Amino acid sequence: MNAKAEKLNVLITGATGGMGFESLKQLLEETEKLNLIILARDSGKNHALLKNYEGREGLTIKWGDLLNYPDVLECVRQADIVLHIAAFVSPAADYYPKKAMQNNYGSTRNLINAIKESGRADRTRFVYIGTVAETGDRMPPIHWGRVGDPIKPSMFDYYAVSKIAAERLVIESGLKYWVSLRQTGIIGKAMAGIMDAIMFHNCLDNVLEYVSDRDSGRAMKNLCKFEAEGTLDASFWGHIYNIGGGESCRVSTYEMYQRLYGDIGFTDLSKIVDPKWYATRNFHGHFYLDSDKLENYLHFRSDSMEYFYDAYKKNLGATVTVSKILCKIPGGQKLMGSIMKKMFLKQALTEHGTVRFIREHVEDHIDAYWGSEKAWEEIPDNINDMKHFTDWDKVIRLDHGYDEEKPETELSLSDMKGAARFRGGVCLSEQMETGNWRNKLKFRCAFGHEFEASPRLILEGGHWCPECERRSWNYGRRAKVDPFFAQVWNPLHGPEELREYPKEVSELDV
């Protein structure tokens, strides 16, 4: 898209959410170049949030629903860029799997169909926000990852399941200009205020390369701004990227707790953190080998983990001062810790709480989050007795099953057949246009399911058989026949771990 005098029309979904609202605020700085349209649900909460923005020059607020196709079509008809930020996220998605699929997959389908019906499939830029949860549990020693690694949502993570289905739809949509940006954990006020059982799913030795809500908003602003100016390189489109804050935003959960609780006076984590309340696997997160790619296009990074630590203390308010004073008094850390642990235990005993799983012997969840009840019993009672992983700089780079040094224009049928074999399957197609990453080929997975998929979806996206993905989490058996997938399963699980976890919902139910 060349630089031009008229403004670009930008449709923003999810403008009343965390990342979406930050994006809206920053995009309003660019109304000389952009006309903004937001589609928001007609609720009291949203009206209150947007009250000060109604009538703002360069902004049109449409009240409606992403699941109501006429509302979507009306907003999309003139959109030059669609920023699809809206999502039904965790932890809410964990409680309502069907609603997660309806919202996350259904909204994406409506937007793509509306772009096509509007005759803009070769013009509109579609920006889809995916998630790091698509690649699931990447505990040490495989804690470094990149786009193209196996898609592997954690067990019971229906947010990830719904976003994977939607991303597949985007990549295979046939739109000329699309991009999938896999969002990481967003640090800021919202994360600082989370009080839900999900906090105990995040393993103590898990890692994430976080990004701030402000930097996420800046990424959206710069994407639209650079596109309007004609300075966003055309090579940006048609790819998948990881959104990450870079080195200053990489941290383990244990290191984060050391800092957070240290800032409120705790010198001994055993007074406030019970390691037996925490899962030892089956969450999501890894450090990125490739997040600089997006930064090089959008130049959005400015915040470090300090931004989150400040937000956390601000959320606690006067409690910070009280805790610091109390923790200096003999026995104060034990007293303050017991007060906070009672509050935490209340969450750990809820429906999705780890303590409830153990006390009520919820076998499938125990297997998923610890491996076995015996493995849970072996966790030390005192966090100071735990041996934490420390070799964070060691990188195990996964093999994607084809020559990544070869230029994209030289990708051949032979490459795809080899990649399929490495995934335990077969490429059934006998013809392929060399260098064509968009057109679908025919494949069969190790379990006999036949499907069609593009090289872009498989090689760059890390996706594979849609039938296997929608039926269940069948990772132990898959790892035995799929060397590509085995790279993210075998280092963290024993060969006897073959439990299959059926899924409650798939995109076919929407």
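I looked up Phe156 and found that it counts as buried, at 17% relative accessibility (buried means under 20% relative accessible area with a 1.4 Å probe, protein chains only). The model is predicted: local features need pLDDT of at least 70, side-chain atom pairs count only at pLDDT 80 or more, and totals for chains, interfaces and linings use all residues. Residues are numbered from 1 along each chain as its sequence is written, and side-chain values use heavy atoms, with hydrogens and water left out.

I then turned to aromatic pairs (Phe, Tyr and six-membered Trp rings with centres within 6.5 Å; stacked if the planes are under 30 degrees apart). The structure holds 29 of these pairs. Phe156 and Tyr369 are stacked, at 6.4 Å centre to centre and 25° between the planes. Phe156 lies in the loop between strand 6 (144–145) and helix 6 (158–171) and Tyr369 in helix 15 (residues 363–370), so this pair ties together parts 213 residues apart in sequence (helices, H or I of at least four residues, and strands, E of at least two, are DSSP runs numbered from the N terminus).

Tyr369 is buried at 4% relative accessibility. Its ring is also stacked with that of Phe357, with centres 5.7 Å apart and planes at 15°. I noted Phe357 as buried, at 1% relative accessibility. Ring pairs link Phe156, Phe357 and Tyr369 into a cluster that also includes Trp473.

Lastly, I checked charges over rings (NZ of Lys or CZ of Arg within 6 Å of the ring centre and within 35 degrees of the ring normal). Lys503 lies over the face of Trp473, 4.9 Å from the ring centre. The charged end of Arg125 sits over the ring of Tyr177, 3.5 Å from its centre.

Technical notes. Phe/Tyr/Trp six-rings, centres within 6.5 Å; stacked < 30°, edge-to-face > 60°. Buried < 20%, exposed > 50% of the residue type's maximum accessible area, 1.4 Å probe, protein only.
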